[in-house]
Amino acid sequence: MFSYFRNRSLLQFRSFFFCTLVAFACFLAPHSASAQATSAAYPTAQPAPEWDDPSIEPRVEELLKKMTLEEKVGQLVQYSAGQPTGPGTGRTDYNDMLTKGQIGALFNVVTAKETNAFQRIAVEESRLHIPLIFGLDVIHGFRTEFPIPLGISATWDPLLAERAARVAAREASATGVRWTFSPMIDITRDPRWGRTAEGNGEDPFLDSAFAQAYVRGYQGRHLNNAESILACPKHYVGYGAAEGGRDYNTTEISEHTLREIYLPPFHSAIDAGAGTIMSAFNSLNGIPTSANPFTLKKILRQEWGFRGIVDSDWTSVAELMNHGIANDGATAARKAFQAGVDMDMVSSLYHDHLADLVHSGQVSETDIDEAVRHVLRIKFALGLFENPFVDEKKESSAMLQPEAVALSREVAERSVVLLKNDLLSSATPLLPLSPDVKSVAVIGPLADDGAAMMGSWGGLGNGRDAVTLRAALNQKLGEARVHYAKGAEFSTATDAQIKAAADAAKGSDVAILALGENGPEMTGEAASRAHLDLPGRQEQLLEAVVETGKPVVLLVFSGRPLILPWAFQHVPSVLAVWFPGIQAGPALVRTLFGENIPSGKLSMTWPRSLGQIPLYYNALSTGRPATQDEARFPNGHDEKFVSRYIDESNSPQFPFGFGLTYATLRYGPVELNKPELRLDWLRVGLNKSSSSGPAPLLASANVTNSGSLTVTETVQLYVRLEGTSVSEPVRALKGFQRVTLAAGETKRVVFTVPAEAFALWNDQNVFTVEAARATIWISGDSRSGTGAAIEIRNKAN
Ligand code: BGC
């Protein structure tokens with residue numbers, strides 16, 4: 001049994017607390033308000049990352065001394081030198097700029113030959129021979145494409161993400177790319193936002209676990225290993241809270257919500273040693289996040305002690321003008337730089353203005369030196385000064401290694417979430433299908449489209465590397481038993497296409513529909529949707545096939561939860577399959593036929609209707625919570641004036657944490673080993689071993705598999721606090737474990753619950769444990785189960 005809670009999250013929350021204590025100590029002693037000074041008092045709490053090696057510092061200082069102001073500014077300048085994929089500066093004179101030492105980093109250069117060519121100019125023709133770092137959006141694989149991150153997060157297995165990131169690092173580094181703009185760890189509560197596909201969903205605890213896993217996978221144990229690449233958690237911060245789910249839109253987030261929901265994944269990524277971080281596009285409470293000293297300096301540098309690079313997002317420095325906080329490029333550069341952005345991605349405004357701003361006294365050279373230190377420190381840590389080039393001969397053999405492809409399939413299998421699996425008239429569920437099935441119809445625009453399996457950030461993934469559902473079915477059953485009809489394009493369909501598909505279904509025992517979004521176009525950046533149904537005429541296609549009376553399995557390919565009320569009512573078996581990557585077909589076929597038993601769980605609430613959005617499980621209570629959550633229409637006066645819709649349930653279609661399997665699981669009552677818990681919150685941060693008193697709190701419950709197959713279940717632990725100084729979520733995830741249960745088996749699942757599980761950002765703006773009534777659930781999702789109560793007491797009572 002693997003307990004994620006105990007192994008990793010505890011550590012993560014310890015340092016989370018520690019940094020808050022740092023903040024609190026800073027508050028008590030404002031004159032010593034640097035994380036550096038304060039952390040000296042608690043030397044064991046937050047070790048510096050491996051790359052922040054003191055032996056590097058003399059080399060950094062020695063080089064810095066030799067640099068002209070122009071060369072220093074050059075280290076803070078970054079361009080996209082490959083395929084232009086967004087608004088740019090129109091520059092193409094990179095070679096000339098490199099010889100003058102005017103560029104610190106390039107990105108979107110993706111072959112060993114090209115990275116070596118640029119690097120040769122930087123290290124052989126520039127005065128100080130400072131190497132470049134090459135970056136790229138390696139989001140869910142480089143050449144071996146894995147499922148999209150939202151799918152990976154549905155595995156609830158951060159170790160899988162770590163292993164996938166390691167594969168991506170190995171492939172990317174073979175081309176000279178040593179920096180990925182990943183992981184994307186924005187909390188996403190609104191599926192209209194296209195970038196939901198790129199993240200780990202709505203929960204800070206789960207997201208933090210994945211954030212750390214990705215950082216570990218990319219950066220490896222040693223950053224100077226040639227196969228390690230820098231991680232860049234993004235987009236710092238709050239970008240996912242875009243109003244209306246419209247990309248790049250404004251965000252308003254209270255400090256309480258920022259501290260409890262949006263910041264923890266970033267803090268966790270920094271704690272795991274991420275060497276860089278990307279400031280975002282959005283404005284946060286009126287201040288753009290690429291010019292926000294509160295988040296970039298106070299929190300990131302002072303509270304968390306970050307000493308790596310803050311990179312802007314693509315032209316987010318120039319966009320300060322559109323935000324209305326700078327009327328010219330020089331002011332935009334000054335504001336971003338002074339707020340804490342070290343490197344300017346694509347805008348070219350640092351290149352154009354930083355030196356002049358120093359000459360005119362508006363920016364100090366001491367501050368420039370500090371930013372350059374961040375960059376040089378990382379370049380030394382990567383070993384680029386010793387090994388700036390990559391071996392071009394080894395590039396192609398690094399790609400698509402058999403173990404990498406096998407891992408891609410494993411992750412894809414584990415990412416599938418079984419949403420529905422009704423019993424047929426024979427009293428057996430439709431899935432898994434019998435291998436003896438005479439014939440299947442496979443229908444839909446996603447049934448045989450390799451490129452679409454890559455999702456929105458396909459990296460160097462190639463549709464031709466993908467095995468489609470149709471190809472895998474052909475292989476499993478033989479072509480004669482597989483009746484393929486496309487049925488529809490993504491956004492259109494003719495009546496004839498739909499009819500041909502219905503005919504294929506009529507002539508088969510079962511119909512498998514592969515419907516959903518066109519990954520590369522309808523999900524990801526700049527792909528927000530105001531309608532979350534099946535695009536085009538796919539719903540009509542589905543209805544026509546269901547009408548044939550044949551049993552239907554619907555595979556929903558999407559970068560977000562889709563609103564599909566008709567399908568959930570009429571289709572017996574539905575699976576969320578995201579965009580599964582190059583091994584889509586084999587993973588799905590093995591799942592359909594029961595060679596892989598579904599174990600995925602939603603990392604994001606699945607709404608019933610658009611009007612409910614944003615809908616997330618860890619919401620605050622209202623003063624008038626609805627008691628009959630499922631009722632659609634109020635029956636009496638009492639139920640009228642409560643927080644609800646008059647025309648829709650409050651409940652989601654499927655809650656966060658939900659996912660079925662090919663068995664029925666039963667949860668027994670939650671038992672706690674003590675009725676009350678006395679916690680001294682100051683000890684929470686200072687005492688590394690245990691902060692919850694002499695004997696830890698243990699919460700346990702029996703979980704029984706009453707089916708006939710061995711299955712794996714992710715058992716979840718949730719907490720609610722009441723009686724605290726601020727309102728806390730009605731449930732908050734605080735632990736999870738994967739448990740494998742043989743047919744008929746019952747296991748007692750035990751969680752050790754640390755003090756951190758009861759912590760909150762309180763009305764005094766500090767993290768602490770307050771006296772409270774806590775409820776603890778152990779359940780298979782965020783809505784089911786009955787909680788057990790425990791009194792939390794602290795020093796004061
Ligand atoms: C995106 C980032 C990405 C960057 C570089 C931006 O448009 O917001 O996520 O890393 O481009 O490609």
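**Rings, charges and a helix pair**

P586 is a residue of helix 22, which spans residues 584-592. The model is predicted. Beyond its neighbours within four places in sequence, P586 contacts R409, V467 and A472. N327 is 259 residues from P586 along the chain. The C-alpha atoms of these two residues are 55 Å apart.

Now the rings. How many aromatic pairs does a search of the whole structure find? The count is 23. One of them joins Y79 and Y94. A pair of aromatic rings is described by the distance of the centres and the angle of the planes. For Y79 and Y94, the centres are 5.4 Å apart and the planes make 40°. Y79 belongs to strand 2 (residues 77-80) and Y94 to helix 5 (residues 94-99), so the pair ties together parts 15 residues apart in sequence. Are these residues buried or exposed? Y79 is buried, and Y94 is buried too.

Y236 and F266 make another aromatic pair. Their centres lie 5.3 Å apart, with 65° between the planes. This pair is edge-to-face. F266 sits in helix 10 (255-271), while Y236 sits in the loop between helix 9 (204-219) and helix 10, so the pair links parts that are 30 residues apart in sequence. Y236 and F266 are both buried.

There is also an aromatic cluster. W156, F205, Y617, F656, Y718 and F736 make it up. The charged end of K476 sits over the F593 ring, 5.3 Å from its centre.

Last, a helix pair for the setting. Two packed helices are described by the angle between their axes and the distance between the axes. Helix 13 (residues 329-339) packs with helix 14 (residues 349-359) at about 80°. Their axes are 9 Å apart. The two helices are therefore roughly perpendicular; that class runs from 65 to 115 degrees. Which residues of helix 13 meet helix 14? They are G329, A330, A332, A333, R334, A336 and F337. Helix 14 brings L349, Y350, H353, L354 and L357. By class, this contact holds nine nonpolar, two polar and one charged residues.

Technical notes:
Residues numbered from 1 in each chain as written. Predicted model: local features only at pLDDT ≥ 70, side-chain atom pairs only at ≥ 80, totals over all residues. Heavy atoms only, no water. Axes fitted to C-alpha atoms, helices over the stretch in contact; angles between N-to-C directions. Helix = DSSP H or I, 4+ residues; strand = E, 2+ residues; numbered from the N terminus. Parallel < 35°, antiparallel > 145°, perpendicular 65-115°, else oblique. Contact = heavy atoms within 4.5 Å. Nonpolar A, V, L, I, M, F, W, Y, C, P; charged D, E, K, R; others polar. Phe/Tyr/Trp six-rings, centres within 6.5 Å; stacked < 30°, edge-to-face > 60°. Buried < 20%, exposed > 50% of the residue type's maximum accessible area, 1.4 Å probe, protein only. Lys NZ or Arg CZ within 6 Å of the ring centre and 35° of its normal.
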